[in-house]
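Subject: Structure handover

Hello,

Please find the structure below. My notes on what was found in it follow.

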Amino acid sequence: MRPYLDLLRDVRRHGVRKPTRAVLRSTGEKIDALSVFGRQVRFDLAAGFPLVTTKKVAFNAIAHELIWFLRGSTNIAYLREHGVTIWDEWADEHGELGPVYGKQWRSWRGADGEVVDQVARVVAGIRAVVEDPAASVGRRLIVSAWNPAEIEEMALPPCHTLFQFSVTEGRLSCQLYQRSADLFLGVPFNIASYALLTHLVAAVTGLEAGEFVHTFGDAHIYTNHLAQVDEQLSRDPLPLPRIEIDAGLRDLSAVSREQIRLVGYRSHAALRGEVAV
Ligand code: U5P
């Protein structure tokens, strides 16, 4: 997890202190962040599954959240059923979040009422590139969650806004553009989520997982997380775990938690930090 820790250290040292719109729910206090604009890190997925080891990260919540995105859901009922609370702060009284990731990924509303399943299209596109490396979709394998016409209706405008796949010599790589990144609380989740997505898409298209490339817009550390970040940076990373995907997986809309196995995850102790909302 060197690339993540190097980025955390970079922003801790060189981030510019800025006011943000975020507040701490416990006190209502506005919170500043140390911030940089524009960074990129990359993870070779063959070298291990990039789950942060310098603090304990809740992989189960990450896996369930991704399954929930892939089902196209925007109601927290599925997450609640599985004890995942990460979206609770943003849901309305019926558990609805508006047209967030699941809606945009699986049923983007087009101009003339056409509904676009971007994930299904991208999987079909990857299969076409596997058949023919010169297929016209080869450099167009994109899923966007940033739907300008629907931003106002979303509980939170998408932080992970757009991702692209690339097929090279039997390996599937994924690059994410994340417009805004809470490096201490959000990013360990975001890295693991997209690494897992890359493994899942590779599994259903008969490819090996290649690289996950993570590109950032505003990468920041909230000032209420500085002590935890310093503690984390004093810890030595442990060997990375592996991920195993059930060989029978065919359909991304029907992935179950049991088809995903995290093997050999060891970490330092959890570090708590209050989320800025
Ligand atoms: N955030 C993440 N990753 C996520 C979701 C949210 O880091 O998956 C963080 C953003 O970095 C930011 C906040 O700190 O949530 C959203 O606020 P804003 O960028 O919309 O102002």
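I start with Glu169, which is exposed, with a relative accessible area of 80%; buried means under 20% relative accessible area, exposed over 50%, and partly exposed in between, with a 1.4 Å probe and protein chains only. Glu169 is found in the loop between strand E6 (160-168) and E7, where helices (H or I, at least four residues) and strands (E, at least two) are DSSP runs, numbered from the N terminus. Its phi is positive, about 45 degrees, although Glu169 is not a glycine. For comparison, most residues other than glycine have a negative phi.

Two remarks on conventions. This is a predicted model, in which local features need pLDDT of at least 70 and side-chain atom pairs count only at pLDDT 80 or more, while totals for chains, interfaces and linings use all residues. Residues are numbered from 1 along each chain as its sequence is written, and side-chain values use heavy atoms, with hydrogens and water left out.

Helix H7

The buried residues of helix H7 (residues 226-233) are Leu226, Gln228, Val229, Gln232 and Leu233. Viewed down the axis of H7, these residues fall within an arc of 160 degrees, so they line one face of the helix; the arc is that of the directions from the helix axis to the C-beta atoms. The cover over the buried residues of H7 includes helix H1 (2-14), strand E2 (30-44) and strand E8 (208-222).

His225 lies in the loop between E8 and H7 and is buried, with a relative accessible area of 0%. Leaving aside its neighbours within four places in sequence, His225 is in contact (heavy atoms within 4.5 Å) with Asp182, Phe184, Leu185, Gly273 and Glu274.

Salt bridges

A salt bridge is taken as a side-chain nitrogen of Lys or Arg within 4 Å of a carboxyl oxygen of Asp or Glu. By this rule there are 15 salt bridges.

One of them joins the side chains of Arg12 and Asp230, at 2.8 Å from N to O. Arg12 lies in helix H1 and Asp230 in helix H7, so this pair ties together parts that are 218 residues apart in sequence. Both partners are partly exposed, Arg12 at 26% relative accessible area and Asp230 at 35%.

Arg42 forms another with Glu211, and their closest N and O atoms are 2.9 Å apart. This pair links distant parts of the chain, with Arg42 in strand E2 and Glu211 in strand E8, 169 residues apart. Arg42 is partly exposed at 43%, and Glu211 is partly exposed at 24%.

Asp44 and Arg171 also meet in a salt bridge, at 3.4 Å from N to O. Asp44 is in strand E2 and Arg171 in strand E7 (residues 171-182), so the pair ties together parts 127 residues apart in sequence. The relative accessible area is 37% for Asp44, which is partly exposed, and 31% for Arg171, also partly exposed. Elsewhere, salt bridges that share partners join Lys103, Arg109 and Glu150 into one network.

Pockets

Grid points are joined across faces, edges and corners, and a volume is the space filled by probe spheres set on the points.

The largest pocket has a volume of about 1,400 Å³. It is lined by 49 residues, of which Trp90, Asp182, Leu185, Gly186 and Val275 lie nearest its centre. Strand E1 (16-23), E2, helix H2 (59-70), E7, helix H6 (187-205) and E8 each give two or more residues to this lining. By class, the lining has 26 nonpolar, 13 polar and 10 charged residues; Ala, Val, Leu, Ile, Met, Phe, Trp, Tyr, Cys and Pro count as nonpolar, Asp, Glu, Lys and Arg as charged, and the others, Gly among them, as polar.

The second largest pocket holds about 170 Å³ of space. Its lining has 13 residues, with His199, Ala202, Ala203, Leu207 and Ile245 nearest the centre. H6, E8 and strand E9 (242-245) each supply two or more of its lining residues. That lining divides into 8 nonpolar, 1 polar and 4 charged residues.

Regards

Key: 1 Å grid on protein atoms, 1.4 Å probe; cavity = no way out; pocket = protein on both sides within 12 Å on 5 of 7 lines; lining within 4 Å.
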